[in-house]
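Open the structure in your viewer and get ready to select residues. We will go stop by stop.

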Amino acid sequence: MNELAKTYSPSEVEDKWYSYWMEHDLFKSVPDEREPYTIVIPPPNVTGILHMGHMLNNTIQDILIRRARMEGKNALWVPGTDHAAIATEAKVVAKLAKDGIKKSDLSREEFLRHAWEWKEKYGGTILEQLKKIGASCDWSRTAFTMDDVRSESVIKVFCELYRKGLIYRGKRMVNWDPKACTALSDIEVVYKEEHSKLYYLRYRIVGEDGYAIVATTRPETIMGDTAMCINPKDPKNQHLRGKKVIVPLVNREIPVIEDDYVDIEFGTGCLKVTPAHDMNDNMLGQKHNLETIDIFNDNGTISEAAGMYVGMDRFDVRKQIAVDLQNAGLVEKIEEYQNKVGYSERNIDTVVEPRLSDQWFLKMDDISKPAHKAVMEDFIKFVPEKFKNTYNTWMSEIKDWCISRQLWWGHRIPAYYLPDGSFVVAETPEKALEEAMSVTGNSSLTVADLRQDDDCLDTWFSSWLWPVSLFNGILEPGNEEISYYYPTTTLVTGPDIIFFWVARMIIAGYEFVGDMPFKNVYFTGIVRDNIGRKMSKQFGNSPDPLDLIAKYGADGVRMGLMLAAPAGNDVFYDDKLVEQGRNFCNKIWNAFRLVKGWSVADKPQPESAVKAVDWFKSQLDATLAEVSDLFGKFRLSEALMAIYRLFWDEFSSWYLEMVKPAYGEPVDKATYEATLNYFDTLLRMLHPFMPFITEELWQHLQERKPGDSIMYAQLPAVGDVDAKSLEAMAHAKEVIVGVRGVRAAKNISPREALVLNVIGDWDDSLDAVVKKLGNLSAINAGAEKDAAAATFMVGTVEFNVPLTNNIDVDAELARLNKELDYYRGFLASVMKKLGNERFVNNAPEAVVAAERNKQKDAESKIATIEASIKALEGK
């Protein structure tokens with residue numbers, strides 16, 4: 001055991017102990033007879049690097065796992081990464097572009113070779129970074145959503161769902177990324193407030209000279225218009241009922257339809273209906289059997305179907321068509337307008353296009369019912385519970401899931417097309433061939449006759465299986481690991497993916513295992529800066545967690561974040577938080593060095609130490625019980641604050657002062673051993689939150705064997721709490737604070753012993769503690785009141801400290817006379833108010849009572865001050 005350094009150096013301690021934990025396989029878990037506690041990591045994208053949201057989320061997971069280990073559970077935290085289809089493909093395309101290579105010039109196999117090379121080089125970055133924060137994952141289990149087990153699981157699930165009739169192929173409206181040329185999920189669309197224009201266009205009424213005016217922000221889509229819609233209750237547009245209008249420039253006649261969907265107050269109350277390029281218009285198109293004209297190519301250029309502007313980019317067309325419409329006299333007016341525009345999350349410069357597209361879908365109505373029930377009936381607990389309402393809303397309005405993406409990086413859809421255009425679904429090309437032969441009766445077919453679907457599956461279609469596939473529960477149902485670790489215990493994630501991931505994992509759990517995937521879902525808040533903005537690179541307001549760790553230490557950053565992180569509520573980050581964390585580390589370090597620096601002698605234990613040791617035992621047990629209760633309620637921030645107060649206030653500021661020996665003197669053995677035992681317990685309580693410094697100090701408490709670690713040191717059982725002892729010490733501390741207040745007010749040296757007079761009843765059981773910490777030569781219970789003494793109250797008991805030999809009498813008289821003038825003036829203002837009959841008769845009874853209490857207090861203080869002045873003047 002090396003000598004402890006004078007100052008805490010996080011970098012030396014952190015690297016040393018993380019290597020030690022890894023060397024001794026201390027994060028590893030295998031099934032045994034213990035109760036399991038399992039967390040599966042929300043797999044970060046292989047494109048990702050550590051940001052403040054990761055820092056918060058993974059710190060919480062680590063706290064829960066480390067706490068479970070210390071409770072004697074078989075704790076397992078499974079790590080892994082997500083292939084992040086669209087994000088990774090975008091990264092690889094960008095990398096190839098720098099090398100002068102276009103994706104379109106490569107075969108699928110060539111592109112995937114580049115993608116795998118990129119993944120192997122950069123895909124593990126974030127997991128290595130998680131080690132810097134102390135993440136105690138079982139790294140031997142690290143999984144990847146496209147590794148063999150996970151990939152085979154995804155394909156098997158697709159085939160099973162297809163055979164059940166739950167997966168189908170159809171033409172539906174999707175969010176389309178024209179740059180990546182793929183469909184997107186709703187969560188992959190980021191909405192931004194933008195300054196744009198609202199164009200009021202003239203649609204000539206067929207057979208009349210007049211126009212119907214339509215307001216639109218997207219004039220470039222008029223080539224796809226197939227109807228105009230009005231609200232049947234709109235009085236200003238009744239003249240349009242049953243008529244037709246002509247699309248400007250296009251000169252195509254379209255019907256005027258009626259639907260309550262149209263907002264009477266927006267624009268003119270006339271809505272252009274473009275079923276191929278707007279989600280709501282598509283709904284109207286289906287309802288009213290309208291023609292659908294898709295005017296866009298995959299890349300966002302205008303298609304042949306538009307008949308105009310063919311091949312031009314959609315935004316170039318917007319500019320040009322506005323000019324052409326104005327030149328044709330078909331623009332009523334143009335207004336400035338603020339609206340929200342959807343952008344691709346991964347190609348953030350690309351505006352998403354709502355578009356009709358042939359895609360694969362999963363029917364969600366029936367498959368989602370067990371998952372809906374599980375949360376609403378609290379089989380699965382949401383923390384905070386408020387997110388049940390969000391879940392209920394989404395699950396009640398659930399729509400079929402578009403599971404296909406037009407990408408090469410990902411799980412390729414196992415559908416195989418025959419020469420006649422029909423298709424079969426199977427796990428492998430060989431099984432597909434067997435199926436094709438069976439379906440067609442054509443035994444001469446070969447694998448070469450089959451063409452696999454080019455699309456890949458939505459990334460969420462692999463991650464929804466995560467809690468099951470990590471234990472190989474799809475390929476080997478009921479195996480030892482899935483039977484032991486599943487359902488997992490707690491999922492820690494953000495509420496922004498409550499539907500896209502959390503709900504789908506619950507659906508998959510019931511569908512493929514017949515049970516919930518986790519028992520608790522802990523929703524974290526968003527990390528924001530101190531003015532409320534979400535931390536992001538875009539705003540330049542997010543510090544690099546690794547820079548913070550280098551400056552403040554991992555424990556300091558973890559603690560700073562957790563003190564401000566109540567479940568489900570946003571975290572308002574400020575450097576002062578992590579400074580507080582670093583300062584706390586230094587406090588712990590210095591307190592430990594103080595105690596370990598004491599020399600120890602075989603001598604009697606002082607009474608003050610006896611009382612202190614007994615009191616702190618109850619204080620410790622009370623906090624252990626409080627922290628256990630708070631962990632059970634997932635109130636981790638409050639649990640940390642309770643431990644923080646216990647260490648900083650009760651242990652360091654009070655207990656150590658009560659028991660520390662006089663300067664140069666040794667401490668008695670009984671007190672020293674009790675203090676080290678308390679330090680041991682405090683370190684164990686702190687360990688889940690601050691793993692590095694607690695390991696370092698715990699190892700210095702006594703000699704340890706190789707492989708010993710605080711992370712497996714059990715938390716002590718909660719003992720009986722002596723409430724009377726806690727109450728008595730709280731009273732004693734108030735008296736000590738009162739004495740110290742007198743010293744400060746009268747500028748009396750802490751080294752000068754004082755006498756304390758007690759005017760009233762007094763429990764002398766803690767006299768030894770009060771004398772030591774107050775530096776008192778005597779405590780006189782039942783003493784006569786000394787008007788010249790400095791007085792303070794604790795509860796209803798009055799205490800005074802004789803000061804004749806310790807103060808400047810003239811200065812004290814001047815101070816007392818000034819104080820007397822203040823209270824006489826204050827009393828006069830109160831009496832004036834009470835002398836006002838209107839106030840006394842009309843004010844609420846409680847207000848009048850409060851004023852009478854002020855009168856009594858002022859009169860009492862005046863009497864006390866006058867007595868003190870008289871006593872001093874008589875000296």
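## Stop 1: a cluster of rings

Select Phe584, Phe592, Trp615, Phe616, Tyr644, Phe647, Trp648, Phe651, Tyr655, Tyr678 and Phe679: ring pairs link these residues into a cluster. Keep in mind that the model is predicted. The count of aromatic pairs comes to 48.

Now pick out one of those pairs, Tyr18 and Trp21. Show the surface here. Tyr18 is buried, at 8% relative accessibility. Trp21 is buried as well, at 0%.

## Stop 2: salt bridges

Next, look for charged partners. How many salt bridges does the structure hold? It holds 53.

Select Glu89 and Lys103. Their side chains meet in a salt bridge, 2.4 Å from N to O. This pair links distant parts of the chain, with its members 14 residues apart. Glu89 is in helix H3 (residues 85-98). Lys103 is in the loop between H3 and helix H4 (108-122). Is Glu89 buried or exposed? Glu89 is buried, with a relative accessible area of 4%. Lys103 counts as partly exposed, at 22%.

Move on to Arg533 and Asp529. Here too the side chains meet in a salt bridge, at 2.8 Å from N to O. Asp529 is buried, with a relative accessible area of 5%. Arg533 is partly exposed, at 33%.

Now select Asp629 and Lys633. They form a salt bridge whose closest N and O atoms are 3.1 Å apart. Asp629 counts as partly exposed, at 40% relative accessibility. Lys633 is partly exposed too, with a relative accessible area of 40%.

Then try a group: Arg218, Glu220, Arg314, Arg318 and Glu353. Salt bridges that share partners join these five residues into one network.

## Stop 3: an open sheet

Switch to the cartoon view. Find strands S15, S23 and S22. These three strands form an open sheet in the order S15-S23-S22, and the pairing is parallel. Which strands lie at the edges? They are S15 (381-383) and S22 (488-493), and each pairs on one side only. From one strand to the next, the twist averages 15°.

What holds such strands together? Strands of a sheet pair through backbone hydrogen bonds, either parallel or antiparallel.

Zoom in on S15 and strand S23 (residues 518-523). They pair in the parallel sense over three bridges. Select Val383, then look across to S23: Tyr522 stands opposite.

## Stop 4: a buried threonine

Last, select Thr145. Where is it? Thr145 lies in the loop between strand S4 (143-144) and helix H6 (148-163). Thr145 counts as buried, at 0% relative accessibility.

Now show its surroundings. Leaving out residues up to four places away in sequence, Thr145 touches Thr81, Asp82, His83, Arg150, Ser151, His411, Ser462 and Trp466. Look at His83 in that list. The side chains of Thr145 and His83 make a polar contact at 2.7 Å.

Conventions
Residues are numbered from 1 along each chain as its sequence is written. This is a predicted model: local features need pLDDT of at least 70, side-chain atom pairs count only at pLDDT 80 or more; totals for chains, interfaces and linings use all residues. Side-chain values use heavy atoms; hydrogens and water are left out. A salt bridge is a side-chain nitrogen of Lys or Arg within 4 Å of a carboxyl oxygen of Asp or Glu. Helices (H or I, at least four residues) and strands (E, at least two) are DSSP runs, numbered from the N terminus. Buried means under 20% relative accessible area, exposed over 50%, partly exposed in between (1.4 Å probe, protein chains only). Two strands pair if DSSP finds at least two bridges between them. Axes are lines fitted to C-alpha atoms, for helices over the stretch in contact, and angles run from 0 to 180 degrees between N-to-C directions. A polar contact is a pair of N or O atoms within 3.5 Å; within protein, one must be able to donate a hydrogen and the other to accept it, and residues adjacent in sequence count only if both atoms are side-chain atoms. Contact means heavy atoms within 4.5 Å. Rings of Phe, Tyr and Trp (its six-membered ring) pair if their centres lie within 6.5 Å; planes under 30 degrees apart count as stacked, over 60 as edge-to-face and the rest as tilted.
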